[in-house]
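Have a look at the model first, then read on.

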Amino acid sequence: GPQLPPIAPVTGIISLDGAPVAGAQVQFVPAAGTEGPPALGFTDATGRYTLQTAGANGAVVGSHQVRIEARAQPKDETDTLPILLTPEHYADVATSG
């Protein structure tokens, strides 16, 4: 496969109002000047995540914008976009801060 740029391990904890956020998707999107694919991870019951990039542990070395999104469990099979459990501005790299 294609050669990945240098990757460094990334782990962390996501919390909201002091409580861990379980089942959140955490995405690091390379910012301007950083080349490479985005990194993705999911939080466990304690809010901990480990990022992966194209099957490798970690994220491309450089600056990133971060996106965090946790959603409620679907009500049924027709509920394709359950309500957000995290504030909406965290789900957009342009507003997540």
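Let us start with H64, which is found in strand β11, residues 64-69; strands (E, at least two residues) are DSSP runs, numbered from the N terminus. This is a predicted model, in which local features need pLDDT of at least 70 and side-chain atom pairs count only at pLDDT 80 or more, while totals for chains, interfaces and linings use all residues. Residues are numbered from 1 along each chain as its sequence is written, and side-chain values use heavy atoms, with hydrogens and water left out.

How exposed is H64? With a relative accessible area of 21%, H64 is partly exposed, a class that runs between buried (under 20%) and exposed (over 50%), using a 1.4 Å probe and protein chains only. Leaving aside neighbours within four places in sequence, H64 is in contact (heavy atoms within 4.5 Å) with F28, V29, P30, A31, T34 and A59.

One of those partners, T34, sits in the loop between β5 (25-30) and β6 (39-42). T34 is buried, at 10% relative accessible area. Apart from neighbours within four places in sequence, T34 is in contact with V60, V61, G62, S63 and H64.

The polar distances for both residues are gathered here:

| Side chain | Backbone atom | Distance |
|---|---|---|
| T34 (polar atom) | nitrogen of S63 | 2.9 Å |
| H64 | oxygen of G62 | 3.1 Å |
| H64 | oxygen of V60 | 3.2 Å |

Finally, H64 and T50 are 14 residues apart along the chain, and their C-alpha atoms are separated by 15 Å.

Definitions and conventions. Helix = DSSP H or I, 4+ residues; strand = E, 2+ residues; numbered from the N terminus. Polar contact = N/O pair within 3.5 Å; in protein donor to acceptor, adjacent residues only side chain to side chain.
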